[in-house]
Amino acid sequence: MYIGDLHIHSRYSRATSKELTPEHLDLWAGKKGINIVGTGDFTHPAWRVELAEKLEPAEPGLYMLKKEYSLQRPAMLGQNSPRFVISGEISSIYKKNGRVRKVHSLILLPSLEAAEILSKRLEAIGNLHSDGRPILGLDCHDLLAITLEACPDAIYVPAHIWTPHFSLFGAFSGFDTIEECYEELTPQIHALETGLSSDPAMNWRLSALDSFQLISNSDAHSPAKLGREASLFDIPMSYTGLYGAIQRGEGLKETIEFFPEEGKYHFDGHRKCHLCLSPSQARSYNGICPVCEKKTDHRRTSPD
């Protein structure tokens with residue numbers, strides 16, 4: 001049984017820790033018992049160079065930190081070292097059906113070579129150098145098509161699907177159905193990421209999601225946040241094992257959840273107004289803060 005935290009970031013993403021390096025990711029994943037950790041940010045050229053320098057192939061489709069870079073104790077090296085899978089998040093901001101859409105996507109790949117190929121395709125569309133989580137004016141339908149064309153073995157997962165501002169079902173900039181977003185490519189979507197503010201039980205209330213695997217990840221912006229959410233896999237240690245679990249549910253056992261009430265977007269409110277509203281309370285105020293009389297912004301009074 002393996003714990004996987006597949007959606008994270010590097011120090012090349014905005015508002016992230018400078019300690020998000022392969023060395024510290026390996027160290028903290030080891031501390032927390034995480035067996036497979038995403039690299040994050042595979043689209044960033046400098047990060048790919050660093051990954052190629054500091055990682056070496058392990059099991060098929062997975063990598064491990066080279067021993068000379070490890071901050072682990074000697075006894076932790078070797079077979080017990082965390083494995084890395086190539087991963088990244090892309091922010092799509094575009095207009096569709098008369099509305100501006102803002103959706104984040106998680107992509108997993110079987111190799112750094114595949115990351116290079118896909119990144120070259122995406123670099124022709126937008127700037128990949130300024131942010132590890134690039135913002136592209138690219139329809140999610142087209143991003144999915146490009147991804148699968150560049151790497152048929154890629155895993156594409158709509159990220160933190162209920163985040164109000166940047167997700168598939170986001171209240172302010174998302175869609176009402178998966179089909180509206182991905183059209184004829186909807187059958188290529190096999191899994192959804194719950195995000196910090198929801199858990200599988202909340203998602204199971206919506207029958208339209210019954211056919212999708214539900215996974216959880218930390219979306220960590222610092223190494224210490226690794227594992228605050230994760231997924232539990234009973235699989236062979238390989239990219240193929242991950243693929244079967246995420247795409248077909250083969251060995252996807254359960255998720256490890258950060259309790260939703262502590263997530264940034266679980267309730268409405270204003271931090272400065274010290275206001276936290278349940279959905280029924282927010283409706284009773286018509287989405288207007290009774291303290292400052294401005295629109296509530298789907299954020300809790302304390303950070304996640």
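The side chains of R121 and E149 meet in a salt bridge, with 2.9 Å from N to O; a salt bridge is counted when a side-chain nitrogen of Lys or Arg lies within 4 Å of a carboxyl oxygen of Asp or Glu. This pair links distant parts of the chain, since R121 is in helix α3 and E149 is in helix α4 (residues 140-150), 28 residues apart. Helices (H or I, at least four residues) and strands (E, at least two) are DSSP runs, numbered from the N terminus. R121 is partly exposed at 33% relative accessibility, whereas E149 is exposed at 58%. Here buried means under 20% relative accessible area, exposed means over 50%, and partly exposed lies in between (1.4 Å probe, protein chains only).

The model is predicted, local features need pLDDT of at least 70, side-chain atom pairs count only at pLDDT 80 or more, and totals for chains, interfaces and linings use all residues. Residues are numbered from 1 along each chain as its sequence is written, and side-chain values use heavy atoms, with hydrogens and water left out.

A search of the whole structure finds 13 salt bridges. Side chains of opposite charge can pair when their charged atoms come close. An α-helix has 3.6 residues a turn, so residues three or four places apart point the same way. E116 is partly exposed at 31% relative accessibility, and K120 is exposed at 53%.

Helix α3 has twelve residues and reaches 16 Å from its first C-alpha to its last, close to the 16 Å expected at 1.5 Å a residue; the expected span is 1.5 Å times one less than the number of residues. Its buried residues are L112, A114, A115, L118, S119 and L122. They lie on the same side of α3 because they cover an arc of only 145 degrees around the axis, the arc being that of the directions from the helix axis to the C-beta atoms. The face turned away from this buried side carries the exposed residues E113 and K120. The cover over the buried residues of α3 includes α2, β4, β5, β6 (99-109), β7 (135-136) and α4.

Another salt bridge is formed by E50 and R11, whose closest N and O atoms are 2.8 Å apart. It too links distant parts of the chain: E50 is in helix α2 (residues 45-54) and R11 is in the loop between β1 (2-5) and α1 (22-32), 39 residues apart. E50 is buried, at 7% relative accessibility, while R11 is partly exposed, at 30%. A network of salt bridges links R11, E23, E50 and K54.

Two residues of that network, E50 and K54, also take part in the contact between α1 and α2, which is made by P22, E23 and L25 of α1 and W47, E50, L51 and K54 of α2. Contact means heavy atoms within 4.5 Å. The axes of the two helices come within 10 Å and cross at roughly 65 degrees; axes are lines fitted to C-alpha atoms, for helices over the stretch in contact, and angles run from 0 to 180 degrees between N-to-C directions.

E68 is placed in the loop between β4 (63-65) and β5 (83-96) and is exposed, at 60% relative accessibility. The C-alpha atoms of E68 and K54 are separated by 8.6 Å, the two residues being 14 apart along the chain.
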